[in-house]
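Please look over the sequence and the structure before reading on.

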4 protein chains.
Amino acid sequence: MRPREGRRTVRRTGKKREKGKTFEVRTDLALESREGAAGRGGAENGIEVREWKEKNGGISLTEVEVKNEKGAKAMGKPVGLYLTLETGRAGDQDDGVREDVAEELAAGLRRLACRALKRKEEAGFPGIHVLAVGLGNPYVTPDSLGPRVLGNLRISRKIAEDGDLPVVSGIVPGVMAQTGMETAEILKGIIRETKPDLILAVDALAARSIRRLGTTIQLTDTGIHPGSGVGNHRHGLTEETLGIPVLAIGVPTVVGAAAVAQDTVAAVAAVLEQGSRTRGVGAWLEGMGGEEQYHLIREVLGPELSQLYVTPPDIDETVKLLSFTISEGIHRAFYGI
Amino acid sequence: MRPREGRRTVRRTGKKREKGKTFEVRTDLALESREGAAGRGGAENGIEVREWKEKNGGISLTEVEVKNEKGAKAMGKPVGLYLTLETGRAGDQDDGVREDVAEELAAGLRRLACRALKRKEEAGFPGIHVLAVGLGNPYVTPDSLGPRVLGNLRISRKIAEDGDLPVVSGIVPGVMAQTGMETAEILKGIIRETKPDLILAVDALAARSIRRLGTTIQLTDTGIHPGSGVGNHRHGLTEETLGIPVLAIGVPTVVGAAAVAQDTVAAVAAVLEQGSRTRGVGAWLEGMGGEEQYHLIREVLGPELSQLYVTPPDIDETVKLLSFTISEGIHRAFYGI
Amino acid sequence: MRPREGRRTVRRTGKKREKGKTFEVRTDLALESREGAAGRGGAENGIEVREWKEKNGGISLTEVEVKNEKGAKAMGKPVGLYLTLETGRAGDQDDGVREDVAEELAAGLRRLACRALKRKEEAGFPGIHVLAVGLGNPYVTPDSLGPRVLGNLRISRKIAEDGDLPVVSGIVPGVMAQTGMETAEILKGIIRETKPDLILAVDALAARSIRRLGTTIQLTDTGIHPGSGVGNHRHGLTEETLGIPVLAIGVPTVVGAAAVAQDTVAAVAAVLEQGSRTRGVGAWLEGMGGEEQYHLIREVLGPELSQLYVTPPDIDETVKLLSFTISEGIHRAFYGI
Amino acid sequence: MRPREGRRTVRRTGKKREKGKTFEVRTDLALESREGAAGRGGAENGIEVREWKEKNGGISLTEVEVKNEKGAKAMGKPVGLYLTLETGRAGDQDDGVREDVAEELAAGLRRLACRALKRKEEAGFPGIHVLAVGLGNPYVTPDSLGPRVLGNLRISRKIAEDGDLPVVSGIVPGVMAQTGMETAEILKGIIRETKPDLILAVDALAARSIRRLGTTIQLTDTGIHPGSGVGNHRHGLTEETLGIPVLAIGVPTVVGAAAVAQDTVAAVAAVLEQGSRTRGVGAWLEGMGGEEQYHLIREVLGPELSQLYVTPPDIDETVKLLSFTISEGIHRAFYGI
């Protein structure tokens, strides 16, 4: 929730915009990166979309695997597995649907944890020490998902260390403006002292599309990357930086205001395309260089561009409900309850 | 912060758009309405802009008086006096500037209260009973300004009723989703029981322009009107409905996401105007009918159009700081401290 | 949670202390009043203890009916029906037990509501308008039970007024230090405007015994009386003052520090009674006049005597859990869900 | 705020109780330990009370230095310097008094920091890295002082590292029930990563006397010891365990309910002493063994003895006000503002 530096990135895009560069509005969702990279997916490009299950209660599950550096480049997301649950709005779900979501979450977490720990799923996690990390600012509603999930979590370390169950510890490290420390610094220290086997980070994300707010849950074994989350994690939290595998659970709670502006430009272009008299102009607008487009949007939003976000009015309720569903999913995954 | 029905209004506009109708993005600020009504102001049209003071610390004060129904129609705001303080961002102010803002606020409140009560300012307010009302949802950050100001307010009724001072009572009525009651119902009942002389309502507002978020304070003697505020007050809170004068203090904390979209359309049009090849298209886009523009924006934002808002990332801090400044201003105005 | 004036009351007591007067430590629980009045109960004295059910999950239910003024005098509680649920500690209950408690609560509420409205229980409450009132200070943990229950409550008025169901509205009136108004004033006004049939007040109580904290729920049709609750309601909220029946749900969350002191005096006396050399002194101490005992305790606790309370360390969690159980009970009683 | 094990300690006491052992009610204040150890103070016993300043605004300052193991044994407090500010109740102070308190606090902190870092006070703290630690449970009011102070603190590390000023970082480690980790584990890790020169821990304390609640601030260079604080720090936070000096700021916010019971026993004994007939019994009661006294109090309070505490009704407000004064004091001490 602090100003983001360097969020303005320039990328080569697919089909139509081949020649130009375009102002990229950030998304933390692999699913959205994949949509942006449409046409460039496929196993030959190192991106594999393996399953699409339509579940009860309107839950659907997509698995995107980024298999190699080629795929990572195409997606703008690191190599690893991304499981995405799409559900209805938390506020519209009844208890049954919420339980289904928790169960799907648990299944996904178990799968990622086994992959990360190189274990068979039947083996369970006896004696494994999981350090849960609630990222984000507890005092800023759309950034408070992580701290809230931690607030609901049953912590077993030091309380009931039963050899048959995993050991769960947890920390809400705060954000750099409050601590003067990188989250990575805090975690490195704690890891060295308490020697967990696995980090499970929970974070609020930024999406590209408004309809994803509070309706999509992303699980991944790639950790948290610089510049992701609603806040800004300058250093990543990954196996590379922390020395142990890092699973991440994220839910988009904001869309950058710039995304709305960019969508509007695209919509205007599409409208112009449809008119015979204006068709050429639409194409020109669509193909407008990223630099120009960036300046256009910057003019609309003012210099505070990157700080402004769009969030739904019921975000407080949504974050609260999702925090219960996610902690429930974690309980099921690791305690089997 | 609840869905707003019927926010889509259609108006005749000034200069260029004479022939069309345009989708109006809502603003609660008279200052912004006046900007929208530019060229149609002036005393002959029932709108008087009487003062513009450049104060110390970068505070400026504008007074807009809507004098009659003609002015009310031009402005889309009821007859009455609107005092607008423009300051820097709350987070950037030092204590001295905050005190200056509180003092300006106090002066404005005294002036409006005297006007409403038909008193001379020298007379002060001995024995006058002011009922302060903190509108909005305390659990939704950008809507919590009113409840927070009430939380800071010194309440004198029943505690120290000194005949030389005004009597201040206060209520946080909650929002309809929480109470099942219109705020007007609750206030009417309380007014009948406790017989205040004046209502002082504090509310979070929606603005048209992002740069006004947290930097503009509007004082008015026209009360609260249906559809205003961040939340949605179905029934107005006015002297007409409540039987006693209603002063309102408001600060914009959100901008509708639709405003960003509309601004983008305008910016695109302006860009097209500049190109010799695209000039005609820009003019056409600019003059696009309100209906069409509305559909364009609706397509961009989806059916939840009216619920989405843009708010700055530091809104929690901003609302907290402003709530102190505003309660301080009320204390100075009525207790003289 | 404000200073209580005149809490020092003097009463004639039973058996041993016949001659003296004793400093009474306040309780809001009829059950505890009855224990204090032991030996003076019985139908001939206007007190009827009609049922004592041992329920599943360790829940027990006691019904005390104060039938007439004679009983009211003996009990120090007004004429009416008091249903008391005794359960284990909220933190120790599993979901099943919590559901049982909610169900018992619902049954009790339905019974009291039918009694108050002079309806048969089979008739249900179609079209009946219930105004739920969350008493207490939301910002003071042990006093926040009422506001928290209201925060969980489904409000149906103005949203889904289905003729077959009751209409529920709700208000958190705040405390006098925050509003400058008696709760009775606020409620009278709202009642006049919205014409509910029944008030359902939820409040945190003071008990006499530490073991009752968070484990006892009292339902009554006698409303809220002056000086009851954790805070201090100067004016009662009763059918007499408000014009419609007032049901009250209360849970003790504090014990006055004076109660601990008084219990200690009694324990010392009992110890002295047991020693042959000290027996007479024990009896003397036990029979010590209320005035003397009061001064003794006052000396121990200092002049802030009546403001200090004892509360368990897990009160935050307890109030949170109970607020869910109570709102669940209200939903079941009135919406049948 | 968690159950405390092993709080029942037995000590040899001074004057009258020489022969018996007495149940000790815990205090975290050196001032109260000294009162308990009255008659045994004096430099020859390793306890030095060096200054007693009566300051403006009713602030007084006492310095107790425990000079050696002999003094530590007599006091039940480790070797080190204890500065105690006694002020009026936070709620009764005006802004001027609060500034005086902050200034005294700053002076005390500077003195302790210089002592700990072996620096001259004129040298200031350029480049010194202070890690502020907010101990306690943010969700339990009387235990939330530390987290609240951290919430107010200006953090300079990573933001504006000016060589002329100290570098301040901060952490709210949470409590063991929330994290599954000892605070010492978390801090050790962070210290290893970020290499601060000094820990400054802020914690809520338990006092022996009700009148100290919210009115006494203790500064010490001895760190935090096992079993101190409102919560229970199983492992101490000291230079010995953490490797760098640990200053601690503490304010008592609770008194154990057992203390009220014990005071009552003492008061009863004193009353009995005064009667000619009961004198011997009073002396006997006073001299009652600690074991017996413990059982007596345990009987009064029930088995949850050690968990119950007495806290004033305005503790929320008190903790809030004190958190501002303390953060102000820290700012003055280290930033000189």
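This is a predicted model: local features need pLDDT of at least 70, side-chain atom pairs count only at pLDDT 80 or more; totals for chains, interfaces and linings use all residues.

The partner of Arg208(D) in a salt bridge is Asp263(D), with 2.9 Å between the closest N and O atoms. Asp263(D), at 26% relative accessibility, counts as partly exposed.

Side chains of opposite charge can pair when their charged atoms come close. In chain C, a salt bridge is formed by Arg212(C) and Glu86(C), at 2.8 Å from N to O. This pair also links distant parts of the chain, 126 residues apart. Arg212(C) sits in the loop between β8 (198-207) and β9 (216-220) of chain C, while Glu86(C) belongs to strand β5 (residues 80-86).

Are these two residues buried or exposed? Both Arg212(C) and Glu86(C) are buried.

## Salt bridges overall

How many salt bridges are there over all chains? The count comes to 56. One of them joins Arg192(A) to Glu193(D), whose closest N and O atoms are 2.5 Å apart. Arg192(A) has a relative accessible area of 39% and is partly exposed.

Salt bridges can also share partners. In chain A, one network formed in this way holds Glu99(A), Glu103(A), Arg110(A), Glu121(A), Glu328(A) and Arg332(A).

The size of an interface is often given as the accessible area lost when the parts come together. Between chain C and chain B, the buried area is about 2,200 Å², and carbon and sulfur atoms give 55% of it. On the chain C side, the residues that lose the most area to chain B are Lys158(C), Met181(C) and Glu193(C), which together make up 26% of what that side buries. The contact involves 26 residues of chain C and 26 residues of chain B.

Eight residue pairs are in polar contact between chain C and chain B. Three elements of chain C, namely β7 (167-171), α5 (176-179) and α6 (183-194), each supply at least two residues of the side that touches chain B. Of the elements on this side, α6(C) gives the most, with eight residues. By class, this side of chain C has eleven nonpolar, seven polar and eight charged residues.

Four salt bridges are counted between chain C and chain B. One of the salt bridges is between Glu193(B) and Arg192(C), at 2.5 Å from N to O.

## How chains A and B are related

Two copies of a chain are related by a rotation about an axis and a shift along it. Chain B is superposed on chain A by a rotation of 180° with 0.1 Å of shift along the axis, giving an RMSD of 0.1 Å. The two copies are thus related as by a two-fold rotation axis.

In chain B, the C-alpha nearest this axis belongs to Val310(B), at 2.2 Å from it. Both copies use the same surface, as 100% of the contact residues of chain B recur in chain A.

Definitions and conventions:
Residues are numbered from 1 along each chain as its sequence is written. Chains are lettered from A and ligands numbered from 1 in the order in which they are written. Side-chain values use heavy atoms; hydrogens and water are left out. A salt bridge is a side-chain nitrogen of Lys or Arg within 4 Å of a carboxyl oxygen of Asp or Glu. Buried means under 20% relative accessible area, exposed over 50%, partly exposed in between (1.4 Å probe, protein chains only). Helices (H or I, at least four residues) and strands (E, at least two) are DSSP runs, numbered from the N terminus. Contact means heavy atoms within 4.5 Å. Buried area is the accessible area (1.4 Å probe) that two parts lose on being put together, summed over both. A polar contact is a pair of N or O atoms within 3.5 Å; within protein, one must be able to donate a hydrogen and the other to accept it, and residues adjacent in sequence count only if both atoms are side-chain atoms. Ala, Val, Leu, Ile, Met, Phe, Trp, Tyr, Cys and Pro count as nonpolar, Asp, Glu, Lys and Arg as charged, and the others, Gly among them, as polar. Copies are superposed by least squares on the C-alpha atoms of residues with pLDDT of at least 70 in both.
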